[in-house]
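Work through the following exercises with the sequence and the model side by side. Each one sets a task and then follows it through to a solution, one step at a time.

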Amino acid sequence: MHKNELRQHIHLLKKQFSTAELTELSKPIISRLMVHPSIKRAKTVLMYYSLPDEVCTHDAVNLLLEQGKTVLLPVVVSDTDMELRVYTGPADLSEGFFGIKEPIGQLFTDYELIDVAVIPGMGFDSRGNRLGRGKGYYDRLLPRLTNAFKLGMCFAFQRMPGIPTETTDVVMDEII
């Protein structure tokens, strides 16, 4: 299957679940994330503030902050780019592009200080290849994260036997 066909296939799989069901399915995934050795060791964690059809990260973002970690969230700034901002709490969020809640906090550009990057995707395969939503935001960001442990996160039904790749794709270190 081509990337767009895979995206459509996964989109149809997601539509079989209500937001409440996906939130329930998120709980064991988030539990695994929170006890992951790379997360426990990390000082600076890049997270994402989930959309309704993604693994729900809202509680995890706040838990990491409560643990004293520097939590970063992406902010879409144009059709091609996103930047990272420091998350300081729920009051720090405003609605950005695509209806995603984004932080309005301080800009963060010390990419080499990011210990772990938790990355969403439409799908992942067993080799750590990621299928994004097709805009390329993470494809442009991930090469800058030279020291980060890259942790892809998805529901079980988003695991694919194989994902078509390009030379610019960055492979995840692990998938939860």
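**Exercise 1. Decide whether phenylalanine 155 and phenylalanine 157 are buried or exposed, and then describe how their rings are arranged.**

Step 1. Phenylalanine 155 and phenylalanine 157 are both buried, where buried means under 20% relative accessible area, exposed means over 50% and partly exposed lies in between, with a 1.4 Å probe and protein chains only. These values come from a predicted model, in which local features need pLDDT of at least 70, side-chain atom pairs count only at pLDDT 80 or more, and totals for chains, interfaces and linings use all residues. Residues are numbered from 1 along each chain as its sequence is written, and side-chain values use heavy atoms, with hydrogens and water left out.

Step 2. A pair of aromatic rings is described by the distance of the centres and the angle of the planes. Rings of Phe, Tyr and Trp (its six-membered ring) pair if their centres lie within 6.5 Å, and planes under 30 degrees apart count as stacked, over 60 as edge-to-face and the rest as tilted. A search of the whole structure finds two aromatic pairs. In one of them, the rings of phenylalanine 17 and phenylalanine 157 have centres 4.9 Å apart and planes at 10 degrees, so this pair is stacked.

Step 3. Phenylalanine 17 belongs to the loop between α1 (3–15) and α2 (19–34), and phenylalanine 157 to the loop between β10 (149–153) and β11, so their pair ties together parts that are 140 residues apart in sequence. Helices (H or I, at least four residues) and strands (E, at least two) are DSSP runs, numbered from the N terminus. Phenylalanine 17 is partly exposed, with a relative accessible area of 28%, whereas phenylalanine 157 is buried, at 19%.

Step 4. Phenylalanine 155 and phenylalanine 157 form a stacked pair as well, at 5.5 Å centre to centre and 10 degrees between the planes.

**Exercise 2. State the strand order of the seven-stranded open sheet, and say which strands stand at its edges.**

Step 1. The order is β6-β3-β2-β1-β7-β10-β12, and the pairing is mixed; two strands pair if DSSP finds at least two bridges between them.

Step 2. β6 (107–108) and β12 (174–175) stand at the edges, each with a single partner strand, so one side of each is left without a neighbour in the sheet.

Step 3. Contact here means heavy atoms within 4.5 Å, while axes are lines fitted to C-alpha atoms, for helices over the stretch in contact, with angles running from 0 to 180 degrees between N-to-C directions.

**Exercise 3. Describe the surroundings of strand β2 and its link to β1.**

Step 1. Six of the seven residues of β2 are buried, so this strand is largely enclosed by the rest of the structure.

Step 2. β1 and β2 run parallel and are joined by three bridges, with valine 45 opposite valine 71 in β2. The chain passes from β1 through α4 to β2 in a right-handed β-α-β crossover, a term that applies if, with the strands pointing away from the viewer, the path from the first strand over the helix to the second runs clockwise.

Step 3. On pairing with β3, β2 runs in the antiparallel sense over six bridges, and a hairpin of five residues joins the two strands.

Step 4. Helix α4 lies across β1, β2 and β3, at about 140 degrees to β2. In this helix (residues 58–66), Ala60, Val61, Asn62 and Leu64 are buried, and the buried residues of α4 pack against elements including α2 and α3 (37–41).

**Exercise 4. Locate glycine 128 and find which residues it contacts beyond its neighbours within four places in sequence.**

Step 1. Glycine 128 lies in the loop between β8 and β9, and at 3% relative accessibility it counts as buried.

Step 2. Beyond those sequence neighbours, glycine 128 is in contact with Val171, Met172 and Ile175. The C-alpha atoms of glycine 128 and methionine 172 are separated by 4.6 Å, although the two residues are 44 residues apart along the chain.
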